[in-house]
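Here are my notes on the model, as numbered points. Please read them with the structure open.

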Amino acid sequence: MNTGLPAGWTIERVRALSGDPRAVPLSLDRLVVVEAAGQSGYEPIRPDVILAFHELCLVRDDGEWFMGQLDDDGSVICWASYGSDLVEAIRSL
């Protein structure tokens, strides 16, 4: 399933770059939030791609990749933007 990945990307390329042979795209049917800067709450986002690898997720919303963690209930809590470059976001893992 490569749906939604940037042009030229495959899940195999994501796996190779991340070093996680079990990396997978996740269903978008889940709650995804990002910590609100300077606040104690969260802001919901509507990503068009969610990639899970190691214990983390990369979530793309409006062209930006956010780093987050998959919770037990299937939701994703993100804490920061890692920019628009998927290579750089993966290297930040």
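1. Start with Asp48. At 40% relative accessibility, Asp48 counts as partly exposed. The cut-offs: buried is under 20% relative accessible area, exposed is over 50%, and partly exposed lies in between (1.4 Å probe, protein chains only).

2. A word on the source. This is a predicted model, in which local features need pLDDT of at least 70 and side-chain atom pairs count only at pLDDT 80 or more, while totals for chains, interfaces and linings use all residues. Residues are numbered from 1 along each chain as its sequence is written, and side-chain values use heavy atoms, with hydrogens and water left out.

3. What does Asp48 pair with? Asp48 forms a salt bridge with Arg60, the closest N and O atoms being 2.9 Å apart. The pair links distant parts of the chain: Asp48 sits in the loop between E3 and E4, Arg60 in strand E5 (residues 56-61), 12 residues apart. Arg60 is buried, at 15% relative accessibility. A salt bridge here is a side-chain nitrogen of Lys or Arg within 4 Å of a carboxyl oxygen of Asp or Glu. Helices (H or I, at least four residues) and strands (E, at least two) are DSSP runs, numbered from the N terminus.

4. The structure holds three salt bridges. One of them joins Arg22 to Asp20, with the closest N and O atoms 4.0 Å apart. Arg22 is exposed at 69%, whereas Asp20 is buried at 5%. Glu88 and Arg91 form a salt bridge too, at 3.6 Å between the closest N and O atoms. These two are three residues apart in helix H2, so about one helical turn separates them.

5. Now the sheet. It is open, has seven strands and mixed pairing, and runs in the order E1-E4-E5-E6-E7-E2-E3. E1 (24-25) and E3 are the edge strands, each pairing on one side only. Two strands pair if DSSP finds at least two bridges between them.

6. Look at E2 (residues 32-35). Three bridges join E2 to E7 (residues 76-81), and the two run parallel. Val33 has Ile77 as its bridge partner in E7. With E3 (residues 42-44), E2 pairs in the antiparallel sense over three bridges. E2 and E3 form a hairpin with six residues between them, and Gly38 in the turn has a positive phi of about 70°.

7. Finally, helix H1. Ile11, Val14 and Ser18 are buried in H1. Seen down the H1 axis, the buried residues fall within an arc of 55° (taken from the directions from the helix axis to the C-beta atoms), so they line one face of the helix. Just after H1, Gly19 takes a positive phi of about 80°.
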